[in-house]
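Please read them alongside the model.

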Amino acid sequence: MQKHDPIAEFVQITPSAQIATAAHGWRAKCLQRLVRLDLPVPKSVALPATTIRAIAAGHGVDAAGILDHFGDGPLISVRPSPANPDWGGPGTILNIGLNAKRHARLAETHGEAAADALYLRFVQAYAIHVARLDPDVFDGLKPGPGALKDALREYEVETDEPFPQDPAQQLSEVLRSMARAWEGTSARLLRQAKGAPDEAALGLVVQEMAQGIGQGISGSGVIQFVDPVTGQPQITGRYLGQSQGRDALKTTEALYLTRDPRGPSLEDVSPEIFAKLVEFGTTCRTRLREEMQVEFTIEDGRLAVLDAVKVQRSARAGLRIAVALAEDGVIPKDEAVLRVEPRALSELLHHQVDPRGERDVIARGIAASPGAATGILVFSSTAAQAAAARGEACILVRRETAPEDIRGMHSAAAVLTERGGMTSHAAVIARGLGLPCVVGASELRLDARDRKLTAIDGRIFREGDVVTLDGSKGEALAGAAEMLPPGLDDSFRRLLAWADEVRDIGIRANADTPADAETARKFEAQGIGLCRTEHMFFDEDRLIVMREMIFADSPGDRAAALARLLPMQRADFVQLFEIMQGLPVCIRLFDPPLHEFLPSDREGLRDLSEALDRPLSEVTRRAEALTEVNPMLGMRGVRLGVVLPEIYDMQAQAIFEATIESARRGAPVVPEIMIPLVSARREVELVKTRIDAVAAMVRTKAGAGFDYKLGVMVETPRAALRAGEIAQHAAFLSFGTNDLTQMTYGLSRDDAGRFMNTYVRQGVFPEDPFHILDVDGVGELLHIGADRGRKTRKDLTLSICGEHGGNPESIDFCRRAGFDYVSCSPYRVPMARLAAAHLALNDRTKDI
């Protein structure tokens with residue numbers, strides 16, 4: 001075996017030493033900052049990642065040279081120092097340098113029991129983590145008479161050699177073991193799962209031990225100054241006398257830090273040391289510009305700071321901490337905005353399962369819509385509505401949802417489906433409604449007939465059983481979990497106000513109902529970018545009229561049925577306009593195929609025949625006649641408007657009459673009318689001609705004027721390619737990226753979930769294109785449509801209004817493509833506002 005010269009590349013951590021996070025890791029750099037703050041940090045030496053990689057490859061290390069930094073007979077620890085603390089690393093090894101000679105000296109100064117305990121701890125750690133001996137042999141040894149001798153004897157039996165007595169040999173073996181542990185397959189996979197790159201490297205820090213065991217006040221502990229869940233100012237932590245490292249967090253015998261009626265505290269035992277810790281915390285916060293958790297040791301009344309790490313925090317705590325630091329002048333507002341990840345905001349908008357509680361997971365799926373809710377299981381929309389009528393929260397479970405489940409989803413507290421992906425019907429509607437939703441829970445066995453579901457572990461849950469759905473984690477839990485309320489406080493509003501000051505693209509909301517519009521206003525959307533009018537027809541009183549219209553025998557009968565829907569639609573739009581108070585409202589004309597408004601089972605058809613007073617055979621025949629092989633590419637959207645123009649006539653009249661009424665009430669608006677599923681210029685011409693005629697009729701009838709804009713929803717590849725000629729008749733183009741992605745890929749978004757994970761895993765697609773906008777393929781169509789449209793009409797307004805609209809990646813694309821705004825589900829508006837600000841601020845940084 002080839003021998004290598006020992007490596008001597010290491011540096012003592014001093015205020016002026018050349019320490020870099022990339023080379024030596026976050027812990028080494030943090031310790032240098034603490035040293036520069038004149039905090040009592042024990043002497044420390046940093047080994048860079050290049051040294052650790054060389055050690056792992058078989059090179060030796062100048063352990064004696066490292067030990068020379070610590071004087072005669074030191075006791076030291078070795079701590080991991082990767083570039084990012086989230087990547088983890090091998091565990092810290094304490095008390096390196098302990099041998100029989102050092103043990104005897106400790107016995108004289110600290111007593112036999114303390115010396116035995118320290119030596120035993122080191123032998124156990126060395127045997128398990130360095131020599132890789134059987135943990136069962138050593139873990140069971142507890143401090144006490146004979147335990148140290150037993151440990152030393154077991155070590156010799158297992159290795160055929162006595163426990164090493166040379167401190168340099170001990171240190172060399174510890175460094176080699178930690179270096180190789182980092183390079184191991186399991187460790188590599190674990191840190192990659194946490195976001196570490198393949199080339200992520202490890203530094204190590206060798207630090208002089210502050211014993212925490214001795215005469216007088218001696219012990220160890222940790223302290224932090226904010227609550228990790230809420231972010232509120234609060235001193236938390238523990239202190240344990242006669243201990244080392246983080247022992248205080250592992251036992252119920254530890255003392256509290258502040259005075260507490262539940263038991264003794266460090267503040268009681270030593271108010272001077274406690275005051276010093278509070279001073280250190282304040283120093284770290286102001287000088288390191290962060291809330292830190294400080295690890296400390298006290299030896300005979302002398303305080304030492306071993307480490308300081310960024311406080312682990314929930315999303316709500318992270319936001320509150322960032323805002324508080326900015327308000328206190330510690331960091332600028334722009335930095336506070338950048339410190340909060342846009343996707344983390346979803347946790348603040350809804351109830352969340354308290355991370356401190358127990359989780360009894362019964363199903364896992366795709367986290368399709370964030371938030372959490374507890375309720376009884378129901379297996380049909382009817383049962384959900386009945387539960388809501390009783391005032392009982394419920395979780396709606398379906399194999400997959402369909403448009404007729406809308407009322408049940410409105411009634412439910414959360415939705416769980418066996419099938420589906422991020423852009424399935426259940427996922428899209430749930431995000432729009434702000435409902436927690438888990439889809440694709442394929443491990444469940446659902447029996448809708450017997451109204452029960454079977455978990456993967458065999459447990460059976462029936463209708464009426466209480467469960468909790470965690471849409472943020474993609475899990476269903478047995479029973480009622482502990483919850484945290486939404487975090488929509490002053491800090492939340494202030495951070496988003498700061499974000500609005502710097503973002504450079506508009507943010508609207510998709511809102512189909514007055515409740516959606518209220519939510520959009522609450523989250524300060526700049527208007528409604530997509531109002532899907534078909535959802536307004538699923539209410540019980542409207543559905544029967546809608547079905548009468550579908551079964552009408554002549555245009556006159558159809559117009560008569562639509563006339564009954566007119567006042568309902570008008571009232572909807574008046575309410576929307578009133579809520580939005582002059583902000584733009586873009587209303588998409590009727591889009592879905594008519595068969596979606598008909599029942600799909602025989603019992604439903606029988607009820608319909610009675611309601612319409614028509615023979616069941618006729619109702620069944622007409623329903624079958626409306627059935628299409630591929631309804632999503634059939635008689636829907638603008639095709640309905642051309643073939644059955646009375647539908648769009650009624651909707652246009654309702655919009656215009658609502659516009660006049662809204663102006664009369666003091667909320668003038670310029671409505672934006674959007675034609676769906678266009679693929680040809682002539683379609684737009686035909687619809688525009690009729691809508692202009694309806695507008696003229698309403699103006700004449702009401703004796704009042706109003707303005708409106710007519711635009712096109714670009715959902716077909718052909719519409720994008722022919723955007724130049726389509727723009728001749730359109731004031732705006734709004735790209736519906738859900739359908740555009742389906743048609744570009746030839747994929748059904750409702751079915752793609754069955755194979756999408758395999759495709760992504762094998763590199764066919766980099767990401768699920770229904771979840772993350774495909775900027776290469778679909779994005780090229782958006783570029784073509786935008787460029788050709790604006791060549792025809794320079795003042796053409798451009799936007800996207802699909803599910804992609806709230807994603808940071810999509811917002812970035814739209815900013816660079818010159819779009820005016822994005823529109824997304826109401827509950828994604830805060831995330832979109834913050835993401836847009838991040839992108840603008842990052843661009844500013846690049847330009848500097």
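Which residues line the largest cavity? The points below take this up, for a model that is predicted.

1. **Lining of the largest cavity.** The residues are Ile406, His410, Ile429, Gly432, Leu433, Asn510, Asp512, Thr513, Asp516, Arg532, His535 and Pro826. Two elements each give two or more residues to this lining: helix 16 (406–411) and helix 17 (425–433). Helix 17 supplies the largest share, with 3 residues.

2. The largest cavity holds about 100 Å³ of space. Its lining is made up of 4 nonpolar, 5 polar and 3 charged residues. Asp512, Asp516 and Arg532 are the charged ones.

3. **Total count.** Searching the whole structure gives 4 cavities of 30 Å³ or more. Two of them are described in this note.

4. **Second largest cavity.** Its volume is about 60 Å³. The lining has 12 residues. Arg79, Leu94, Met209, Ala210 and Leu306 are the ones that lie nearest the centre. Strand 3 (76–82) and strand 5 (202–208) are the elements that give two or more residues to this lining.

5. **Classes in the second lining.** How many residues of each class line the second largest cavity? There are 4 nonpolar, 6 polar and 2 charged residues. Arg79, one of those nearest the centre, belongs to the charged class.

Key: Residues numbered from 1 in each chain as written. Predicted model: local features only at pLDDT ≥ 70, side-chain atom pairs only at ≥ 80, totals over all residues. Heavy atoms only, no water. 1 Å grid on protein atoms, 1.4 Å probe; cavity = no way out; pocket = protein on both sides within 12 Å on 5 of 7 lines; lining within 4 Å. Points joined across faces, edges and corners; volume = space filled by probe spheres on them. Helix = DSSP H or I, 4+ residues; strand = E, 2+ residues; numbered from the N terminus.
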